[in-house]
Amino acid sequence: MFGKLKKIAAVIAAAAICLTVAAAPVSAAEKKSVWSETKALTTAKYNSKYIKWLEKYSEKEAKNTVTYSKSRTKKFVDKIDTKLSKDGSEFSFYMINKESILAAARKDDKFKIVSYDKDMPVNIVLYADKDNETMLIVEDKLKISTDMSSDYTPEYGYLAIADALDPDVKADAKGKFFKFKSDDKTYYYEEFESKEFGSMGYLFNEKGTPIAMGVGGDFYCIKLSYSADASEFKIPKEYKEADMDELVDLLDKLS
């Protein structure tokens, strides 16, 4: 599923060319550094406890089930559509594990997407509005600014998020259900079998807010807010201004 979400960047910006470049060898330390630097450009928080719970309950046989029509999962999916399909709606979203980061935000006419994958030769952060587009290459601390292309459609972020988080199962479908406590707090795990993604498990806190999810054996901490802070769209100053030719040269060296 993460691969599907990363297509947002390809649609919106020149990040698409990164998908055709063979990855150059990178040390574990370098990967960790780029992961940390990319994470710092988002609001993403990684919680290993959530990941361990997902791993545990995805493998555990459930004594109880939940019907999709009555599930916290459906309530979450329906809220996404209700909140984000409106004109002028805003959001801040992330999903993160130790190998991948996908974050997106929208506010007014501003849009941002962050994409990291340990197997990618370069990792992209894109800031865009109706007039301008700025792309950061995290590994090389390069910044490429251009006039906004006609492809700018922030709705791509909403549509991809809504599609990727929806297991798309029938109302009467039965899913695994667990309720457990940790540090006097109650948590819920629901899992449904999606035709497109395979098993999709969701971890909810006691308020019914999703805090992590698993898809076909991959596990992520997640958060979706229906607002975005202006600071999300502040472009860091430490990146060196470059042009598209420099990016092409960089990719040629990696290929």
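Biologist: Where is Ser182 in the chain's secondary structure?
Modeller: Ser182 sits in strand β8. Helices (H or I, at least four residues) and strands (E, at least two) are DSSP runs, numbered from the N terminus. This is a predicted model, in which local features need pLDDT of at least 70, side-chain atom pairs count only at pLDDT 80 or more, and totals for chains, interfaces and linings use all residues. Residues are numbered from 1 along each chain as its sequence is written, and side-chain values use heavy atoms, with hydrogens and water left out.

Biologist: Ser182, buried or exposed?
Modeller: Ser182 counts as buried because its relative accessibility is 16%. Buried means under 20% relative accessible area, exposed over 50%, and partly exposed in between (1.4 Å probe, protein chains only).

Biologist: What is Ser182 in contact with, leaving aside neighbours within four places in sequence?
Modeller: Trp53 and Tyr187. Contact means heavy atoms within 4.5 Å.

Biologist: Which aromatic cluster do those two belong to?
Modeller: One cluster is formed by Tyr50, Trp53, Tyr57, Phe178, Phe180, Tyr187 and Tyr189.

Biologist: How many aromatic pairs does the structure hold?
Modeller: Twelve. Rings of Phe, Tyr and Trp (its six-membered ring) pair if their centres lie within 6.5 Å; planes under 30 degrees apart count as stacked, over 60 as edge-to-face and the rest as tilted. One of the pairs is Phe178 with Tyr189, which is tilted, at 6.3 Å centre to centre and 45° between the planes. Phe178 belongs to strand β8 (residues 174-182) and Tyr189 to strand β9 (residues 185-194), eleven residues apart. Both Phe178 and Tyr189 are buried.

Biologist: Which rings have a charged end sitting over them?
Modeller: The ring of Tyr188 has the charged end of Arg72 over it, 3.6 Å from the ring centre. The ring of Tyr226 has that of Lys83, 5.8 Å from the centre. The criterion is NZ of Lys or CZ of Arg within 6 Å of the ring centre and within 35 degrees of the ring normal.

Biologist: New topic. Which residues have the most contacts inside the largest nonpolar core?
Modeller: Ile80, Phe91, Phe93, Leu165, Met213 and Leu224, in a core of 38 residues. Another core, apart from that one, has 29 residues, including Tyr50, Val114, Cys221 and Tyr239. A nonpolar core here is a set of buried Ala, Val, Leu, Ile, Met, Phe, Trp, Tyr and Cys residues joined through side-chain atoms within 4.5 Å.

Biologist: And Asn97, where does that lie?
Modeller: Asn97 is in the loop between β2 (91-96) and β3 (100-107). Asn97 is classed as buried because its relative accessible area is 11%. Its C-alpha is 6.5 Å from that of Cys221, 124 residues apart along the chain. Leaving aside neighbours within four places in sequence, Asn97 is in contact with Trp35, Tyr46, Phe219 and Tyr220.

Biologist: What about Met135?
Modeller: Met135 is in strand β6 (residues 132-137). At 3% relative accessibility, Met135 is buried.

Biologist: What is phi at Lys141 and Asp168?
Modeller: Near 55° for Lys141, and near 55° for Asp168. Most residues other than glycine have a negative phi. Lys141 is in the loop between β6 and β7 (142-147), and is partly exposed because its relative accessible area is 27%. Asp168 is in the loop between α5 (155-165) and β8, and counts as exposed at 61% relative accessibility.

Biologist: Where is confidence lowest?
Modeller: In helix α1 (residues 2-12), at a mean pLDDT of 42, while strand β1 (residues 64-67) is highest at 98. Over residues 1-25 the pLDDT is below 50, although this stretch has 60 contacts in the model beyond near neighbours in sequence. Where pLDDT is low, the predicted coordinates should not be read in detail. The chain averages 84, and 80% of the residues score at least 70. pLDDT is the predictor's confidence in each residue, from 0 to 100.

Biologist: How many helices and strands in the protein chain?
Modeller: Six helices and 13 strands. Of the 255 residues, 50% are buried. Among contacts with a separation of 6 or more, 62% are between residues 24 or more positions apart.
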